[in-house]
Amino acid sequence: MAGGPSTPELVTSVVRAGGFGFLAGGYLTAATLADQIHKTRELAGETFGVNLFVPGVRSLVDVTSYADRLRGEADRYGVAPGAGRWDDDGYAAKLDLVVEQRVPVVSFTFGTPLAADIERLHEADVTVVVTVTTPAEAREAATAGADALCVQGFEAGGHRAVFTDDASSDSGGPLFGLLAALRLIGAETDLPLVAAGGLVHGADVAATLAAGAVAAQLGTAFLRADEAGTNGTYRAALDAGGRQTAITRAFSGRPARGLENRFLRENSAAAPAAYPQLNNITKPVRAAATAAGDPEAVSLWAGQTYPLTESRPAERIVARLAEQARDAVSAAARRFG
């Protein structure tokens, strides 16, 4: 939930309801993340984690033509495309920070940390979780020393967690639904599995636990929570519903699922696999469209089941999920006699 929706207040509300909340470290400076960690500790104690983006191999694709393509879109909002530069999202500094702060749990997306970095985290008593989408990625993460795996199905909103973005595939790699991924990855490793991808109802949580997961991770379900930092333009699009979701590289250069809009439809086919260069190119356009209240040029990340989400305090969302999960388990038990 990087880019705004994740807040210390959202984490705290989830924790108060009995869940385990994560701060999104992506796109933040190390200093800002440090402030959020401090505030979360003050509000929620030690029941929280931090997610970091693992920097990938620098793409050598020339993104000049894509930036030129977007000049008309940028003119519409009175801005210019950003510089198509590569960066590592301040990864080293943020890794140092979570080690120094002894954050209880740190999860990683877009790849596996170096084995030496995982060892550093373990020495600081940090539990390491790696997000995976395929059995091959699960094997790599297990070999590197991960303590648990977050299994992401193709239903998930936001960026796909593929380790290597396959430019020949619109989705960046093989697509596995969550239940299929849990079954295939569970056959490869004994590590605890956390299920993620399109989970918005307690029955979804119950289903993943029955399929072998030890926990369920939800993001889209909390985008409309009162404590989420989801901006008004984004919220309005989620509230309205009616849009299909699709996987696109158009906004960031990495495959991600979001609500269909003009920008996604017009630019997906032309977008190269070049993250974060494209993310930096489109950033001024996205910011200007957001400020203008126009959802047609904003990255509206959401899972396939987003129309079923609710606007309410996060504590109530968690409580309802728990109630629904208990009801689903009881109903299933009755069916089996």
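This is a predicted model: local features need pLDDT of at least 70, side-chain atom pairs count only at pLDDT 80 or more; totals for chains, interfaces and linings use all residues.
**Entry 1: α9 against α13**

I began with helix α9, residues 202–210, and helix α13, residues 314–335. Their axes lie 7 Å apart, and the packing angle is about 55 degrees. I noted the crossing of α9 past α13 as right-handed.

Next I looked up who touches whom. From α9 come Gly 202, Ala 203 and Ala 206, and they meet Leu 321, Gln 324, Ala 325, Ala 328 and Val 329 of α13. Sorted by class, this contact holds six nonpolar residues, two polar ones and no charged ones.

**Entry 2: α1 against α13**

I stayed with α13 and turned to helix α1, residues 8–16. The axes of α1 and α13 come within 8 Å and cross at roughly 40 degrees. The pair is therefore oblique. Here too I wrote down a right-handed crossing for α1 past α13.

On the α1 side I found Leu 10, Ser 13, Val 14 and Arg 16, and on the α13 side Ala 314, Glu 315 and Val 318. The contact of α1 with α13 divides into four nonpolar, one polar and two charged residues.

**Entry 3: α5 against α6**

My next pair was helix α5, residues 91–100, and helix α6, residues 115–123. I read an angle of about 25 degrees, with the axes 9 Å apart. How are α5 and α6 placed, roughly parallel or oblique to each other? They are roughly parallel, because angles under 35 degrees are counted that way. The crossing of α5 and α6 is right-handed.

Leu 95, Asp 96, Val 98 and Val 99 of α5 meet Asp 117, Arg 120 and Leu 121 of α6. I counted classes again: the contact of α5 with α6 has four nonpolar residues, three charged ones and no polar ones.

**Entry 4: the second largest pocket**

Which residues line the second largest pocket? I listed Val 200, His 201, Ala 221, Leu 308, Thr 309, Glu 310, Ile 317, Arg 320, Leu 321 and Gln 324. Leu 321 and Gln 324 were already in my notes, as α13 residues that meet α9.

**Entry 5: two backbone details**

I reminded myself of the background: most residues other than glycine have a negative phi, and most peptide bonds are trans.

Where is Tyr 27 in the chain? I found Tyr 27 in the loop between β1 (21–24) and α2 (30–44). Its phi is near 75 degrees, a positive value in a residue other than glycine.

The other place is the bond between Tyr 275 and Pro 276, a cis peptide bond with omega at about 5 degrees. I located Pro 276 in the loop between α11 (262–267) and α12 (277–291).

Terms used:
Residues are numbered from 1 along each chain as its sequence is written. Side-chain values use heavy atoms; hydrogens and water are left out. Axes are lines fitted to C-alpha atoms, for helices over the stretch in contact, and angles run from 0 to 180 degrees between N-to-C directions. Helices (H or I, at least four residues) and strands (E, at least two) are DSSP runs, numbered from the N terminus. A crossing is left-handed if the near helix is turned anticlockwise from the far one by less than a right angle, and right-handed if clockwise. Contact means heavy atoms within 4.5 Å. Ala, Val, Leu, Ile, Met, Phe, Trp, Tyr, Cys and Pro count as nonpolar, Asp, Glu, Lys and Arg as charged, and the others, Gly among them, as polar. On a 1 Å grid over the protein atoms alone, a cavity is a set of points where a 1.4 Å probe fits but cannot get out, and a pocket is an open set with protein on both sides within 12 Å along at least five of seven lines; lining residues have an atom within 4 Å of a point. Angles under 35 degrees count as roughly parallel, over 145 as roughly antiparallel, 65 to 115 as roughly perpendicular and the rest as oblique.
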